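This report covers one residue site and one chain interface. Look through the model before reading on.

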Amino acid sequence: MRIAEPSSSALAERLAPYVLVAPAVLIIVALRLWPLALGVNFSFTGDGDLNGTPVGLGNYLELAADPLFRVSLRNVGLLVLLLPVAVAIPGLLATFIYLRVPGHRVYRSVYFFPAVLSPVIVGAIFNLMLGYDGPLNSLLGMVGAGPVDWLGDPGIAMFTVVGVHVWATFGMALVVFLAGFSTLDSSLLDAARVDGASLRQSIWHVIIPSLTRTIQFVFVTTMIGMLTSMFGLLFVMTSGGPEGATYLPEYYIWHQQGQLNRPALASAASTVLFVVMLVVGLLQITLLRRAGRQD
Amino acid sequence: MQQRTLWSALMAVALTVAGCGSATRTESPSGQASQPQQKLLVWDWKSGEAAAATYIEQAKADFAKRHPDVTVEFVAQPFDQYYTLLGTAIQTGKGPDVMLFNGGGQIRDRADALLPLDSYVAQDKSRLAGWDAFSKDGKIYAAPVTLQGHPIYYNKALYERAGLDPAAPPKTWSEFVSGCAAVKKATGAACFALGNKEGFGIQFFLSGLGSGVLTPEEYDDWIAGKRDWNSPGVKRIFELWKDVGDKGLNNDGANSTAMFSDVFRVFETGKAAHIIGLMSDIGHWNDFKEFLPPDKIGVMPAPVVTDGAVPSLPYDGGIGYAVAKWTKAPELAADLVRSLTSTGALTAFYGKAGAIVSDTTVDVSQAGPAVAAITAQIETGKPALHVALSSKTLDVMGRLSQQLLSGSTTVDKALEQLAASDRKG
């Protein structure tokens, strides 16, 4: 039984949780939300001679009219479209490892290896590999195909960079998939095999349904990775080029702030990117919630 | 219970204080009556390099002679982040007292954060060259350290193998192109080493060849800000850029070859006969000598494309030190800038880094024919065409130049966009 306490102590107990969360809340407010508000506020001011003076929606209108910013947003859309491929690759490879293809132990460690390399190193390696007079084009030349300007052709460069990004990061997703496989009920697969299911049928009807939650998780993390950590690769591999074809909002923001001395315009672009990420993030949370409800 | 509340409150306060405390900066003491130790903070991207070490030492010693009680701290920032960091400093109005700048757009865009130096550097005006790149609206904002320009270097060894006279480089564009054909036939080397991945190639091309296309009047008008993007001369330069690409005179994959520093390797290793390079302090004769002996590197004036053009060496102040408006000791800071451009310091910079420095009294007679050819042209040289453009226009020009090479835009359309961007300034 609880003994009745004096009222001051009750008050203290009621306040305790607030006091305990106060440091976290203060840090988030002071170091996250307040700068965010400052940044949004800053995006409504001008640059250069107009520094500090309010210009209303001027920066946002300029962004809307800037073909480069539109390209960067379109590239975000492209990344979203390429997401299934980026998820399918580690998924398939993990399946093969799970099904114990010959040499699966070697593959398991080899596939993870690129994940420990920094984007700058990966970028530098592929710059050499994919150079116009690089080894890949020499190889193509040997089999009779013409050289491809992997990083110099505006129609190809973005796919090249995404491909390299997937190569560099799919190891992590592979590990998540393998973890998912370890929870898979192998008797189901055995039963399918006994019933004469082909490889494709067992993947489609047994493996994928059992791994729904893992797949959704990988979707979300891959998406975040693609949208937030491509800067290093872009910086090293294409500098946003050729013809601005590989710009992403992050790179655009960096370019306007650091190279063209337009911090307010960069703030406006950051705000737009923030809204895009907010929408994507909320969609992902909904997706995860729905996945959680199924169980 | 009460005690728990108290403890958590204390924790909260402690955490907040610790969080904020580390961010506050102890103000440097201002030079008042008691005269405590004064300190000048310098930002640049050079002082960390081994080649610049003696230069910085000399400048520091020169400064210490006059101001023994002032400490000078050099902070070398990574160049690719330099202007980003500087932008943040300018935004907050706090940061270094003295800072390094590239001439041209980079400093002009930020001139309102800088102190005009005219009264401080009056004595150095005739000794140093390259002031224009650090001036805006008639005021000087930095003192030049090096001269940066775009000489056309050529590989004399390739010329010999093609049966051309390395001592008499082509004077006109048609001679130049036929010479290139001979080199290609004899050695397989391309005419130009071009790296346009970052879109810098067009800037070098415009400035390197511009004096062979525009008449002296057109050239001077361009520099003075009276730029007619529809004039036949300007159009010719961009047509030339496209032609050179279309006719295969560049190395393969120019749009994916980085200017820094893949393209310089292309030239050094004899895969191309010419390169429009730099004077200081990378991509220049001293850099090439790793593979090309100095006597095999030639420097030629721009080939004449249109009659009436008078080729001249395009150069400007390369890098220079400026003083921030917010500094508490403007005179001291300006004096440090003077030490950084003293003859002693600049001689050391030339000696160690091979930089063509702004000081015209430095003796360069030991450095070989390429340097002799460059320094001989400084007297008659003119500011480079691209340096007169804003960084925004240069950015647009970079992308358009890539489109011209790949064929996804036309010269007329490109010039239209450039004119629009240039008008906005």
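A polar contact is a pair of N or O atoms within 3.5 Å; within protein, one must be able to donate a hydrogen and the other to accept it, and residues adjacent in sequence count only if both atoms are side-chain atoms. The model is predicted: local features need pLDDT of at least 70, side-chain atom pairs count only at pLDDT 80 or more, and totals for chains, interfaces and linings use all residues. Residues are numbered from 1 along each chain as its sequence is written, and side-chain values use heavy atoms, without hydrogens and water.

**The site.** B:His150 sits in the loop between strand 7 (147-149) and strand 8 (152-155) of chain B. B:His150 is buried, at a relative accessible area of 4% (buried means under 20%, with a 1.4 Å probe and protein chains only). A polar atom of its side chain lies 3.2 Å from the backbone oxygen of B:Gly277. Residues touching B:His150 (heavy atoms within 4.5 Å) include B:Phe204, B:Met279, B:Pro314 and B:His386.

| Item | Value |
|---|---|
| Residues in contact | 40 of chain A, 35 of chain B |
| Buried area | about 2,800 Å² |
| Polar contacts | eight residue pairs (both at pLDDT 80 or more) |

Buried area is the accessible area (1.4 Å probe) that two parts lose on being put together, summed over both. Carbon and sulfur atoms give 52% of the area buried between chain A and chain B. A:Glu243, A:Leu260 and A:Asn261 supply 20% of the area that chain A buries against chain B, more than any other three residues.

Note on methods: Chains lettered and ligands numbered in written order. Helix = DSSP H or I, 4+ residues; strand = E, 2+ residues; numbered from the N terminus. Buried < 20%, exposed > 50% of the residue type's maximum accessible area, 1.4 Å probe, protein only. Lists of a residue's contacts leave out its neighbours within four places in sequence.
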